Amino acid sequence: AITACQKGGQWLRAVQLLEEMQSKRIAPDRIIFNAVLAALDQAGEWQQALHVLKDMQLKRIPPDNLTYAAAISACARGGQWQPALELLSQMKDKRILPDTSAYTAAMTACEKSGQWQWTLQLLNEMQENRVAADPETYKSAICACERGSQWQRVLQLLGEMKEKGITPDALTYAVAISACYGQERRIEGQGLYQEAIEKGLLRHWKNRSRLEMDLRGHTRHMA
């Protein structure tokens, strides 16, 4: 039933079912807790997620990567970068090596809060720990640097993606182009725009205002 709540986005019902289980002295296991956390993650209910995680720890149920990834992702959706980093630190203290999902969620939390330096630090940490980055990982880093007006770092990250065979999507290109145009780097921005057109990711606009509208259309959900 809790898994069904997770899939249906009914986070409040998932929490209620968990409480009912405990009131009836039915001990929930890690799978149950992870399902509740996943529902809270999807709803961005980061405070509830932290409460459920604490309850899980008090009951001495060992969390795993899925547990922490869901809690960190909930913090990211709520724009809570500091709790996200604290959870990542907890994982290391418990000798749970954060995986790609956990790192990317923490990076997204930092990105949404304008913490581009922390986002890059986490990416470097991933590389040091040999945790593979995926397109979402780099997208978070590029979005963070765009917010921080770091156009050179944006281009560097885009270059890293290509070197590693990770394909940027339309949003990643749109953010990178916006980073360049936002800092009056028109030549670099135009080069990326042409590249994205050739890959079929963005449309060709002769009118500059239509181009800007197209870019805003791709990046509006970053906020």
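Angles under 35 degrees between two axes count as roughly parallel, over 145 as roughly antiparallel, 65 to 115 as roughly perpendicular and the rest as oblique. The axes are lines fitted to C-alpha atoms, for helices over the stretch in contact, and the angles run from 0 to 180 degrees between N-to-C directions. The structure is a predicted model, in which local features need pLDDT of at least 70, side-chain atom pairs count only at pLDDT 80 or more, and totals for chains, interfaces and linings use all residues. Residues are numbered from 1 along each chain as its sequence is written, and side-chain values use heavy atoms, with hydrogens and water left out.

The protein chain holds 13 helices and zero strands. Helices (H or I, at least four residues) and strands (E, at least two) are DSSP runs, numbered from the N terminus. Buried residues make up 47% of the 223 residues in the chain. Buried means under 20% relative accessible area, exposed means over 50%, and partly exposed lies in between (1.4 Å probe, protein chains only). Contacts were also counted, a contact being heavy atoms within 4.5 Å. Among contacts between residues at least 6 apart in sequence, 58% join residues at least 24 apart.

Helix H5 covers residues 65–77. The expected span of a helix is 1.5 Å times one less than its number of residues. For the 13 residues of H5 this gives 18 Å, and the end C-alpha atoms are 18 Å apart, which agrees. Of these 13 residues, 10 are buried, so H5 is largely enclosed by the rest of the structure. The buried residues are Thr67, Tyr68, Ala69, Ala70, Ala71, Ile72, Ser73, Ala74, Cys75 and Ala76. Their cover includes helix H3 (30–43), helix H4 (46–58), helix H6 (81–93) and helix H7 (100–112).

Both ends of H5 have local features. At its start, a side-chain oxygen of Asp64 reaches to within 3.1 Å of the backbone nitrogen of Leu66. This is judged as a polar contact, a pair of N or O atoms within 3.5 Å; within protein, one must be able to donate a hydrogen and the other to accept it, and residues adjacent in sequence count only if both atoms are side-chain atoms. Just after H5, Gly79 takes a positive phi of about 70 degrees.

H5 also packs against H6. Their axes come within 8 Å and cross at roughly 165 degrees. That makes H5 roughly antiparallel to H6. On the H5 side, the contact is made by Asn65, Tyr68, Ala71, Ile72 and Cys75. On the H6 side, Pro83, Ala84, Leu87, Leu88, Gln90 and Met91 take part. H5 passes H6 in a left-handed crossing. A crossing is left-handed if the near helix is turned anticlockwise from the far one by less than a right angle, and right-handed if clockwise.

H6 in turn packs against H7. The angle is about 155 degrees, with the axes 8 Å apart. H6 and H7 are therefore roughly antiparallel to each other. H6 contributes Trp81, Ala84, Leu85, Leu88, Met91 and Lys92 to the contact, and H7 contributes Ala102, Tyr103, Ala106, Ala109 and Cys110. This crossing is left-handed.

Helix H10 (residues 151–163) and helix H12 (residues 186–198) form another pair. Their axes come within 12 Å and cross at roughly 30 degrees. H10 and H12 are therefore roughly parallel to each other. H10 passes H12 in a left-handed crossing. Trp151, Leu155, Leu158 and Lys162 in H10 meet Glu188, Leu192 and Glu195 in H12.Two residues within helices were examined next. Met56 is found in helix H4. Met56 is buried, with a relative accessible area of 0%. Met56 touches Arg30, Phe33, Asn34, Ile61, Pro62, Pro63 and Thr67, not counting residues up to four places away in sequence. Met56 and Arg30 are 26 residues apart in sequence and 8.0 Å apart in space, C-alpha to C-alpha. Leu17 is found in helix H2 (residues 11–23). Leu17 is buried too, at 14% relative accessible area.

Most residues other than glycine have a negative phi. Ser149 has a positive phi of about 60 degrees although it is not a glycine. Ser149 lies in the loop between helix H9 (135–147) and H10, and counts as partly exposed at 38% relative accessibility. Glu184 also has a positive phi, near 60 degrees. Glu184 sits in the loop between helix H11 (170–182) and H12, and counts as exposed at 54% relative accessibility.
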